[in-house]
Amino acid sequence: MGKRYILLCLICATVCLTFSAIAQERANSAGSSGAAAPASAQETPSASALTHTSARSKAAPDASEARALRLEGEKRFRTNCGRCHQPPHKFPPRVMAAAIRHMRVRAMITDEDMRLILRYMTQ
Amino acid sequence: MACARILAIAFLLSTLCASRLGAQTQSDEEVTPVPLLTGSSGFITTFNGGQPDFHPIVTPLVLVPIGQRWLFETRATFETDLAQVPGRNGYHGGPVQKEVEYAQLDFIANSYMTVTVGRFLTPFGIFNERLYPVWIRNLQTDPLILPIGIGPSNASTGAMIRGGFKAHPKFNINYAAYFSALSTVSPVDSDRFAGGRAGIFIPSARLEIGGSFQHGLQDARSNAFGFHALWQPPALPLDIRSEYARSVAGSGYWLEGAYRLTQVPFHQNEFRRTQVVARMQQYFVGANINDALQPVNIKLVEFGLNYYFIDGLKASSNYGRRFSVAGNANVWTMALTYRFLVPLGHAGGE
């Protein structure tokens, strides 16, 4: 009985994960093509822009976009880090890169949050 | 055995799927991370029913990023109790207890999944994994229900998949599923069980809720489950955290509120560093006795005051009143904790 429960839970988790991954992949590809619907109220344009770094990775962001990214990064930093502990001060870039990878595993923060926080903490 | 085989196959399939997805969504951190020695140290003084306990503790954590997707992390604890020795003045340290709390290798397969193998903190509830270090916790005493679901040494030995991802523009999902093998080697012993935890985080409300489940694969093959919640009202410097856990050995809950006095209009330099904390918890003994849990029903109410000198250095004190059939008692705790961080290489220029 116990084995069936565990197997059922694993299958459900895998199915949910796969559906979610597919949905997010679709959203990403739609965003990259430039034909995506406007970002929702919660997902700011700056966040979308950072998620799709491949599309504009080499293009220097203008001042307003950089500022928007920084503000969004600060917001994510306070929201995510502050969930468990007092948000720390800024660290040097390579230190922060290691710490954020640790927190990605430990606190299970999302890929997008990790990138925004890392950008905010290192620039 | 068959169950372990099923889990292993599911694990391999998940990893394979994850790697395929990862080809498209590989993390592209632009900054090369440096290995870190971080962790915390503290000196914790407790008066429990009048009995003093002086407790220095050092908990180093080593992080070694490898390439773009791997991370090796291990945390150890060195602690001792200072006690009065008959015929000698003052307090003297006993033997230093050393323990590797966890040593795990993480593979970030893609944006949705990280695969972990080795010895890892059991993801049951939130306290053991996320709130345990002395520099993080708001009150220095452990919750009464902490031993439920986390194994004999707070950790599991086996494998785990976990991750967090944006499932909807308004909320994120995080999950962990793990299998632990039996280990009788002290102090790195672990039980044989499988389980999982899932949670939803709503960033706009700064609310996270979730649940944990665990199925024992040895002895009585009993189940344990729990729920957790964290909420930071966006308009207030307030943290509200709570956990409930239930197993055959016992059940209980704790509810904690911590308010940072940043809104006090005077003496702002002092008050913005000050935090008041209150926690209520209750524990009920179950059918099976577990040495790690309390032997009687207990109700415990605690109040605390924390002062943050600088980032990572905190002084805390708290008073608690314990009610139980074994006798009521006061619990006083004072502590000084510090979080350190040392890069083991070039940290990157400012």
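Me: Where does B:Asn154 lie in chain B?

Reply: B:Asn154 lies in the loop between α2 (127–131) and β8 (155–168) of chain B. Those labels are DSSP runs numbered from the N terminus: helices are H or I with at least four residues, strands are E with at least two. This is a predicted model, where local features need pLDDT of at least 70, side-chain atom pairs count only at pLDDT 80 or more, and totals for chains, interfaces and linings use all residues. Residues are numbered from 1 along each chain as its sequence is written, while chains are lettered from A and ligands numbered from 1 in the order in which they are written.

Me: Is B:Asn154 buried or exposed?

Reply: Here's the general idea: with C-beta atoms placed from the backbone, a residue is buried if 20 or more others lie within 10 Å of its own, exposed if 12 or fewer, and partly exposed in between. B:Asn154 has 20 other C-beta atoms within 10 Å, so it's buried. Its phi is near 70°, a positive value in a residue other than glycine.

Me: And what is phi of B:Arg221 near?

Reply: Near 50°, again positive in a residue other than glycine. B:Arg221 sits in the loop between β11 (207–216) and β12 (223–231) of chain B. B:Arg221 is exposed, because 12 other C-beta atoms lie within 10 Å.

Me: Which strands pair with β15 of chain B?

Reply: Two strands pair if DSSP finds at least two bridges between them. Strand β14 (250–260) pairs with β15 (274–285) in the antiparallel sense over 11 bridges, and B:Ala258 has B:Val277 in β15(B) as its bridge partner. β15(B) also pairs with β16 (298–310), antiparallel over 10 bridges; there, B:Thr274 stands opposite B:Tyr307.
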